[in-house]
Amino acid sequence: MAAWVEGRVLERIEWTPTLFSLRVEAELAPYKAGQFTKLALQQGERRIQRAYSFVNPPSAPYHEFYLVEIPEGELTPSLGSLQAGDSVLVQSLASGFLTLDELPAGRDLWLLSTGTAIGPFLAMLADGEAFDRFDNLVLVHGVRKGEELSYRSLIESFAERHGPRFHYVPFVSREEWPGAMAGRIPAAIGEGRLQTRVGLEFSAVHSQVMICGNPAMVKETQQTLLELGLAKNLRRAPGNISAENYW
């Protein structure tokens, strides 16, 4: 059983009334960009816990987590009330296989996310290895409202550093938003709108695709990509599509 350590909140970053990030100081085992651990709070004799991906690269001097507060939730309202100096329990060993070392070689890396599931992709991009391995990198982030397009300054820093190799495509499904595509990611892929926007095609030869988001989005996006001739990436049969539900 993985051990728990007591962490200390360094900073709480508020994005919207329900979206926030926590930067935490804790002595954890080494982990890879794209992995997740668990945060927990003790409530009486119960330890309430939930898994969250690291937003930061492993080299950062802190561990950062991107959360959505569920008003009726057992844990997130309490996590949302934490401030600098407060304690939070962190599982010391990370988990997860949505990491770059699980990917075959390719030319183009597509990172498709919804909501807070953009977190592991931000960690990968900040880590830098993705830019060493792939010629073109596409970060897609789907949200309901434009205000939920968080981490814009970090994303802009990738564009400034890597120029035309890096593409950022926001999707906003419930309102018009400057610079954002309308609708949902799977439909835009099926219709070819996303490919046109980026100037790249999905290809079984050149593409590696990582998907992280709500289960419906993950399932529909995988099916759309399979219909375009891509294959799931398995250790016993390397392919193009790697996915993780994030809910």
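## The second largest pocket

Strand 12 (residues 241–245) gives the lining of the second largest pocket its largest share, 4 residues. This description concerns a predicted model, in which the second largest pocket has a volume of about 330 Å³. Its lining is made up of 17 residues, and those that lie nearest the centre of the second largest pocket are F97, E102, N233, L234 and S242.

Divided by class, the residues that line the second largest pocket are 9 nonpolar, 4 polar and 4 charged.

## The largest pocket

The largest pocket has a volume of about 820 Å³, and 30 residues line it, with T114, G115, R144, N214 and W247 lying nearest its centre. By class, this lining has 15 nonpolar, 10 polar and 5 charged residues.

Several elements of secondary structure take part in the lining of the largest pocket: strand 4 (46–53), strand 5 (63–68), strand 8 (136–143), helix 5 (185–191) and helix 7 (215–227) each supply at least two residues. The largest share, 3 residues, comes from strand 5.

T116 lies in the loop that runs between strand 7 (108–114) and helix 2 (119–127). With a relative accessible area of 12%, T116 is classed as buried, because that value is under 20%.

When its neighbours within four places in sequence are left aside, T116 is in contact with L19, Y66, L67, V68 and Y246.

Which residues does Q83 touch, not counting residues up to four places away in sequence? They are V9 and R12. Q83 and E11, for their part, are 72 residues apart in sequence, yet their C-alpha atoms are 6.7 Å apart in space.

Note on methods
Residues are numbered from 1 along each chain as its sequence is written. This is a predicted model: local features need pLDDT of at least 70, side-chain atom pairs count only at pLDDT 80 or more; totals for chains, interfaces and linings use all residues. Side-chain values use heavy atoms; hydrogens and water are left out. Buried means under 20% relative accessible area, exposed over 50%, partly exposed in between (1.4 Å probe, protein chains only). Contact means heavy atoms within 4.5 Å. On a 1 Å grid over the protein atoms alone, a cavity is a set of points where a 1.4 Å probe fits but cannot get out, and a pocket is an open set with protein on both sides within 12 Å along at least five of seven lines; lining residues have an atom within 4 Å of a point. Grid points are joined across faces, edges and corners, and a volume is the space filled by probe spheres set on the points. Ala, Val, Leu, Ile, Met, Phe, Trp, Tyr, Cys and Pro count as nonpolar, Asp, Glu, Lys and Arg as charged, and the others, Gly among them, as polar.
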